[in-house]
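Here is a friendly walk through a two-chain model, meant to be read with the structure open beside it. Let us begin with the sheets and then move on to the helices and the contact between the chains.

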Amino acid sequence: MKRLLIYSIVLTLLLSLGITASCAEPIKIGLNLEMTGGTAAYGQMGYEGLQLIQELVKPEVLGRPVQFVLVDNKTDRVEAANATSRLIEKEHVVAIIGPMISGNMLAAGPIAEKYQIPIIGPSTTNPLTTQGKKFVFRACFIDPFQGTIAAKFAYETLRAKKAAILSDINQDYCVALGKFFKQEFERLGGKVVSETYLKTGDQDMTAQLTAIKRARPDVIYFPNYYTEIAIAARQARDLGLTQPILSGDGADAPELISIGGKAVEGLMHTAFWHEKTAVTEIGKKYLRAYKAKYGKAPNAFGALAADSYLILLDAIKRAGSTDPKKIRDAIESTKNLQVVTGPVTIKNGDAIKSIVLRRVKNGQFEFLTVVNP
Amino acid sequence: MDIQSFIQQLLNGISLGSLYALIAIGYTMVYGILRLINFAHGDVFMLGTYFAFYLVMIFMLPWWLSATLAIALSAIVGMLIDRVAYRPLRSAPRISALITAVGVSFFLENAGIVVLGARPKGFPRPEFMSHTYNLGGAYITGVSIWVPVISVILLLVLFYVIYRTKIGMAMRAVATDMETTRLMGVDLDRVISYTFAIGSALAAAGGIMWACKYPQINPLMGIFPGWKAFTAAVVGGIGNILGATIGGLVIGIIEIMIVAFFPALSGYKDAFVFVILIIFLLVKPTGILGETLKEKV
């Protein structure tokens, strides 16, 4: 009898230990980011933002700590898909943040969808990434909106009648954004006089730019990522092309200016965010903390990654559970949540957000205007 | 296409092609002597640009001095790669050395990502390289003039070394018959070491000029130029220095002209280059000059 008592006490102790252990067991969130490769700047800026927001907002939900598991997808579709499987199968994450670019999300999304694990792309603007998917989300606007605004800006504000487009054929984002720009520009009555392509990692674009020069456009649209934009801008100026250059959100990286130098001076682009548009409490706090920690101007990619994290944290809290399906439903019903880049509402997997127009001036991204959806 | 655009495109092609030529020579020299495709060559090209970048940015050295030092450092790296990775495998089957070469290449690329950082850096271009000249409507930057000029000077120095110096004679001898040369008492390892040094120095020179032309450097920047230069070496006749030069120019001009005449295909221009490689391997594996010259250095 006495022995039984001892056994039962030990058993209860063990059980309670087990329970406290499971209480303290961290909730794992997978990060599938472009830490290396062609768009390493986005992944690294995103990771900076995520580390910072964990310092600002206590990384804890439902009484359990939140832990990141980082996997580098090397800016590669296959690696992005593998990273997703690894995070889900081996690391048992409840949700994933990233990839940052659309092409990688088109590879990663279907896998998350299959396993029914929510995945949020901070800056994946291509409309196809969330189309027909229940578990794929984005924390940013979509390219048809961005392309339309850019075309309107070119036609109405810059008074351009002829445009040339040079886009990256390897990237779903770039090709699609170029198409959306063209559609709207021609609908407004303009004409796209030259459409040429490059490939991610290309260094020499002189041939395409010489063709553009012959077509004599009023404006040049580069819907690409920062490295390719910077190189193309330099070579365009070297070849004597003086037309204004327009770009999309891909231009937002310090590399644009460090590589592009004087050639990107005056370049205008549609962007997710500018520090001047920070309206929320957490946004202002983030700005101050970012400058203090990294000693440079904050960027949209870090802010959007932080947004994704806040959306996820809020969803887990409202779901009251770490069941991925319940988290998914909670993300979909996000309404007017105060995140870094402003209030956000999610509809059909897409975030409804405004667009900022910026211009490079004296090596800085200068705020031009903001357009609401 | 009007004549003005054509001249512009031709200039673009020659300036790209002469860079391929410089890198291709390194491939061809090592192949001529060791029958080894040194896949790490493109990564030595990358290291050369980083050496120059850090010498200019951190040590604030004048431009010509950092370029010279970077080339010297790359030559040492080339010799080191041979000493550590290839020399122990000298008597192993050729395929082992080939796989090792691929391994060295991956090692340099990934070590580069860890040590140098994955994000691209802007390369400081000296003023004389970035000045733009307007030749009757065709624009040409200083770098497009200097690249072919410097390439020709480097080639002349190379030919002098190979045909007028003792070490050059030894290289030619090793390329013709390695065993016999060894029996004659020539220090084989030393000759091979010098070959790697010269090849790597040319790769670094090419890399620095490449970075002046396309002022963006990253740890993976050597991969594509490396492949294209390899194609150039094969097209010209691998093992033949003059062939590599011609091959480089041919590949550079073809690459540019494909975009010039078929702008809609511009995203696939690399594919065309590699189609040319395949056609040459199928139809004329010895390349343009492969058979006419017997001597292979």
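Strand 11 (residues 268-271) and strand 15 (residues 355-361) of chain A pair in the antiparallel sense, over four bridges. Two strands count as paired if DSSP finds at least two bridges between them. Within this pair, A:Ala271 stands opposite A:Val356 of strand 15. Helices and strands here are DSSP runs numbered from the N terminus, with helices being H or I runs of at least four residues and strands being E runs of at least two. This is a predicted model, in which local features need pLDDT of at least 70 and side-chain atom pairs count only at pLDDT 80 or more, while totals for chains, interfaces and linings use all residues. Residues are numbered from 1 along each chain as its sequence is written, and chains are lettered from A and ligands numbered from 1 in the order in which they are written.

The two strands belong to an open sheet of seven strands in chain A, with the order 8-7-9-10-11-15-16 and mixed pairing. At its edges are strand 8 (191-198) and strand 16 (364-371) of chain A, each pairing on one side only. On average, neighbouring strands of this sheet are turned by 25° against each other, direction ignored. Helix 7 (residues 206-215) of chain A lies across strand 7 (162-168), strand 8 and strand 9 (219-222), and runs at about 175° to strand 8 of chain A. Such angles run from 0 to 180 degrees between N-to-C directions, with axes being lines fitted to C-alpha atoms, for helices over the stretch in contact. Residues are in contact if their C-beta atoms, placed from the backbone, lie within 7 Å.

## The six-stranded sheet of chain A

Chain A also has an open sheet of six strands, ordered 2-3-1-4-5-6, again with mixed pairing. Strand 2 (60-61) and strand 6 (136-138) of chain A are the edge strands, and each pairs on one side only. Strand 1 (residues 27-33) and strand 3 (residues 64-72) of chain A run parallel and are joined by seven bridges. A:Ile29 has A:Phe68 of strand 3 as its bridge partner.

Which helices pack here? Helix 3 (residues 77-89) of chain A lies across strand 1, strand 3 and strand 4 (95-97), at about 170° to strand 1 of chain A. Helix 11 (residues 300-319) of chain A packs on the sheet too, touching strand 1, strand 2, strand 4 and strand 5 (119-121), and its direction makes about 165° with that of strand 4 of chain A.

Helix 10 (residues 281-294) of chain A has 14 residues and reaches 20 Å from its first C-alpha to its last, close to the 20 Å expected at 1.5 Å a residue. The expected span is 1.5 Å times one less than the number of residues. Its buried residues are A:Gly283, A:Tyr286 and A:Tyr290. Seen down the axis of helix 10 of chain A, these buried residues fall within an arc of 55°, so they line one face of the helix. The arc is that of the directions from the helix axis to the C-beta atoms. On the other side of helix 10 of chain A, A:Glu281, A:Arg288 and A:Ala292 are exposed. A residue is buried if 20 or more other C-beta atoms lie within 10 Å of its own, exposed if 12 or fewer, and partly exposed in between, with C-beta atoms placed from the backbone.

The cover over the buried residues of helix 10 of chain A includes helix 2 (40-56), helix 11 and strand 13 (342-347) of chain A. After helix 10 of chain A comes A:Gly295, with a positive phi near 65°. Elsewhere, A:Gln131 sits in the loop between strand 5 and strand 6 of chain A. A:Gln131 counts as partly exposed because it has 13 C-beta neighbours inside 10 Å.

## Helix 12 of chain B

The buried residues of helix 12 of chain B are B:Lys269, B:Val273 and B:Phe280. They pack against helix 10 (223-236) and helix 11 of chain B. The face of helix 12 of chain B turned away from its buried side carries exposed residues, including B:Phe274, B:Ile278 and B:Leu282.

## Where the chains meet

The contact takes 31 residues from chain A and 26 residues from chain B. Helix 1 of chain B gives the most to the side of chain B that touches chain A, with five residues.

How values were computed: Two residues are in contact if their C-beta atoms, placed from the backbone, lie within 7 Å.
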